[in-house]
Amino acid sequence: MFQQFPFKTPSIHFGNGAISMLGKEARKLEGQRILLITGPSIRKAGILDKALASLKESSLDVEVNVQGRDTPEPGTHIVEETSRMAREGRFDVIVGLGGGSILDVAKMTSALVINPGKVRDYFGREKVSRRGKPTIMIPTTSGTGAEVTKHAIFLDSEAMVKKAVASNALLPDVAIVDPELTYSCPREVTAASGIDAFIHAAEPFVSKNANPITDALSLQAVGIITRWLGAAVADDADVEARYWMSMGSLISGMVLNNAGTSLVHAMAYPIGGEFHTPHGISLTVLLGSCFEAILPARTDKFVQLAGAMGEPAEGRPARVAARLALDAVTHLLKSADLPASLPEIGITDRSKIPRWAVEAHAERRLLGRAKKRNLEVLI
Ligand SMILES: [Fe+2]
């Protein structure tokens, strides 16, 4: 009944134009030589110029490292190459500017400047013992929350499996969240990363790892994302929707960092690994089934979720009100034009499901307390 828990978050700057704070923040971290890691689409969209202007205004030395691609699952060898370059360049602050994958590369690069060995030495929980060089993270999508989390996900270049480094030493020093930087984010990425953010808020809320602080943040983020995701997907020039999606994503990142994810993310790992579906899509096709499985054990939480999603939960029997959350999730996926089941993305072979459940259960970082037999009847 009585919980004891830490709550960790970087220092945060939020708002339109917040990227102009970059130079001042780098100075505060006693930076002189800055390494800025970004992706090709960010340079093309003119976002890099905004970052460089702010650093220049603070008279800082900057070297830009443009990664080969912006897309998910950076290989571990890429991070190792980048960190070698960072070590030789004697940089004192590392800035990540891009989507979640670029931020993950920047976070791990910083760690490997100080800690010896390869990325694979640090897969798992709390394996990175020392904080790396100070970091400033600036997201250009609304979804991963990587700017406020201790996680970084990579494709193990030797085993060809996606794995996570989860260490407090990776938590960025500063997060600068500027909704204007998401204006160029394409429609599909807005939808898939937006639902990822929703799940980062909703999934911990119904898990055993939630606490009263993350609960308050979850309900706030769930409400914001339910209201604005469809609008951001329907019209990429809707600046109000972009603003609130950036806010929702930031808040859900804080939940993710402090309460973690569980069943939906654990089940998505084997499916994403086998079919190479984007992270957000692997999640949406499982979301309804996973929530259906969790609901009987967490009826009270689902009632609150329904209320936060604008459903008329009040005054109804709990079991009826709780199911309104499932209806609201179905509507949310439809509003963002997202698939809601495995067959919708062409996966019809149900014989593999028990194996995926077993693999998901092996994901001890996420499902430390789950019972295997509960997963095998999931779908
Ligand atoms: Fe996620």
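At what angle do helix 7 and helix 8 pack, and how far apart are their axes? The model examined here is predicted; local features need pLDDT of at least 70, side-chain atom pairs count only at pLDDT 80 or more, and totals for chains, interfaces and linings use all residues. Residues are numbered from 1 along each chain as its sequence is written.

Helix 7 (residues 212–234) and helix 8 (residues 239–259) pack at an angle of about 145 degrees. Their axes are 8 Å apart. Axes are lines fitted to C-alpha atoms, for helices over the stretch in contact, and angles run from 0 to 180 degrees between N-to-C directions. Helices (H or I, at least four residues) and strands (E, at least two) are DSSP runs numbered from the N terminus. The crossing of helix 7 past helix 8 is left-handed, a term used if the near helix is turned anticlockwise from the far one by less than a right angle. Helix 7 contributes residues including Leu 217, Ile 224 and Trp 228 to the contact. Helix 8 contributes, among them, Trp 244, Met 245 and Ile 251. Two residues are in contact if their C-beta atoms, placed from the backbone, lie within 7 Å. The contact residues comprise 16 nonpolar, 6 polar and 1 charged. Ala, Val, Leu, Ile, Met, Phe, Trp, Tyr, Cys and Pro count as nonpolar, Asp, Glu, Lys and Arg as charged, and the others, Gly among them, as polar.

An automatic or database domain assignment sets the domain bounds. Domain 1 spans 11–182 and domain 2 spans 187–376. Their C-alpha centres lie 26 Å apart.

Gly 124 is placed in strand 5. Gly 124 counts as partly exposed because it has 15 C-beta neighbours inside 10 Å; buried residues have 20 or more, exposed ones 12 or fewer, with C-beta atoms placed from the backbone. The C-alpha atoms of Gly 124 and Lys 163 are separated by 8.0 Å, although these residues are 39 apart along the chain.

The largest nonpolar core holds 121 residues, of which Val 95 and Ala 306 touch the most other members. Leaving aside neighbours within four places in sequence, Val 95 is in contact with Leu 22, Ile 34, Leu 36, Ile 37, Ala 106, Ile 136 and Ile 138.

Note on methods: A nonpolar core is a set of buried Ala, Val, Leu, Ile, Met, Phe, Trp, Tyr and Cys residues joined through C-beta atoms within 7 Å.
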